[in-house]
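Please open the model in your viewer and keep the sequence panel beside it. The tour below moves from one selection to the next and says what is to be found at each stop.

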Amino acid sequence: MSDPQTLSAVPGRIMAAEMAEQPAVLQRILDEGAPRIRDIAAEIAARSPRFVLLTARGTSDNAALYAKYLIEILLGKPAGLTSMSTTTAYGAKPDLTDVLVITVSQSGGSPDLVASTKAAREAGAITLAVTNNAASPLAEVSEFHIDVLAGPEKALPATKTYTAELLALYLLVEGLRGGDGSAAKALPGLAAGILARQGEIKALAERYRFAQRLVITSRGYGYPTAREAALKLMETTYIPASPFSGADLLHGPLAMVDNVSPVIAIVPDGKGGEALQPVLDRLRGRGADLVVVGQQNQVDAASAGFALPAGVPEEVQTILEILPLQLLAYEVTIARGQDPDAPRALAKVTETH
């Protein structure tokens, strides 16, 4: 990726620089953040929460969905995504005794996140904020706080804060189950290798320069990636992108896919990818323009794609899967003559109530 010092007059220079920081951010979390995350996880585990609720908006909501998969698969505990309006708009007062409420937010400043977390704590919950701002209102009202250590993020599309949230949440769940988080050790180097292949993504981006719509699909740990990729593409390129679980795609939306429909499939190397195979077969049968982000053999069986490193445990592949799709959103936006640093009608901190 280009040196940000040479990009002073180039659209997208801030997003490009922040994407390039991700390997260093991941390493910082492993070196500096992991001990604190382990300590917090040990304190929470000692209180034996009966289930987990996750609260977030936007990009952070996709990170929260990833945590839901981790919690249900690795911890064997039920987990759900909260509807904040039940508390903030309707004034519901659920009994949250012995419930762990994790609120994920880059800025920690949205009023509904702060209000719902405060209400959860008053209702007996164990509250944990995961943010990129230790001095935020959300951190202040929460019993525990994890700083994702991403540093200031100035581009409107979140990139480094998203992957930082993913890694922090993975290490938290590992700590809750007494794991050592060793599956994450290689991520900084692998991330650097993926980002160095931007030329491949630039060529791939030509497929979508004039696209009218996109379908993005995955299953399991890859589904949060599908949702985040769709969000990044919509907010930067303005192309309508519909994310579907592969199972849901077969229940009706498959009808809108034809032989000119661009489909991006994120194919995890593991059980999620195995569950997605019937969907890929159906998409090929309909003649879809299928691009795969996954292992080389899956890419070879598609119209085009991007091969991910082999041998990475499935539960942390999510942190790598999004990187080529961030680059894709960036490159398609540039190809369409737009500035990915400043999408129209968006603000860095979205204040919802």
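**First stop: an aspartate in a helix**

Select aspartate 248, which counts as partly exposed because its relative accessibility is 44%, where buried means under 20% relative accessible area, exposed means over 50% and partly exposed lies in between, all with a 1.4 Å probe and protein chains only. Before going on, note that this is a predicted model, in which local features need pLDDT of at least 70 and side-chain atom pairs count only at pLDDT 80 or more, while totals for chains, interfaces and linings use all residues. Residues are numbered from 1 along each chain as its sequence is written, and side-chain values use heavy atoms, with hydrogens and water left out.

Aspartate 248 is found in helix α11 (residues 246-250); helices here are DSSP runs of H or I with at least four residues, strands are runs of E with at least two, and both are numbered from the N terminus. If you draw a distance from aspartate 248 to leucine 65, C-alpha to C-alpha, the two are 16 Å apart in space and 183 residues apart in sequence.

Now colour the open sheet of five strands whose order is β2-β1-β3-β4-β5 and whose pairing is parallel; two strands pair if DSSP finds at least two bridges between them. Strands of a sheet pair through backbone hydrogen bonds, either parallel or antiparallel. In this sheet the edge strands are β2 (79-81) and β5 (144-147), each of which pairs on one side only, and the twist averages 20° from one strand to the next.

Zoom in on strand β3 (residues 99-105) and strand β4 (residues 126-131), which run parallel and are joined by six bridges. Threonine 103 has alanine 129 in β4 as its bridge partner.

Helix α3 touches β1 (51-55), β2 and β3, and its direction makes about 165° with that of β2; axes are lines fitted to C-alpha atoms, for helices over the stretch in contact, and angles run from 0 to 180 degrees between N-to-C directions. Helix α5 (residues 111-122) also packs on the sheet, where it touches β1, β3 and β4, with its direction at about 165° to that of β3.

How many aromatic pairs does a search of the whole structure find? The search finds two, where rings of Phe, Tyr and Trp (its six-membered ring) pair if their centres lie within 6.5 Å, and planes under 30 degrees apart count as stacked, over 60 as edge-to-face and the rest as tilted. Select tyrosine 69 and tyrosine 221, which form a tilted pair at 6.2 Å centre to centre, with 50° between the planes. Tyrosine 69 lies in helix α3 (residues 58-75) and tyrosine 221 in the loop between β6 (214-218) and α10 (223-237), so the pair ties together parts that are 152 residues apart in sequence. Tyrosine 69 is partly exposed at 22% relative accessibility, whereas tyrosine 221 is buried at 6%.

Turn to the open sheet of five strands in the order β7-β6-β8-β9-β10, with parallel pairing. Its edge strands, each pairing on one side only, are β7 (241-245) and β10, and its twist averages 15° from one strand to the next.

Select strand β9 (residues 289-294), where six of six residues are buried. Asp289, Val291 and Val293 point one way from β9, while Leu290, Val292 and Gly294 point the other way. Five bridges join β9 to strand β8 (residues 262-266) in parallel, and isoleucine 264 stands opposite valine 291. Four bridges, again parallel, pair β9 with strand β10 (residues 304-307), where valine 293 stands opposite phenylalanine 306.

Terms used: Contact = heavy atoms within 4.5 Å.
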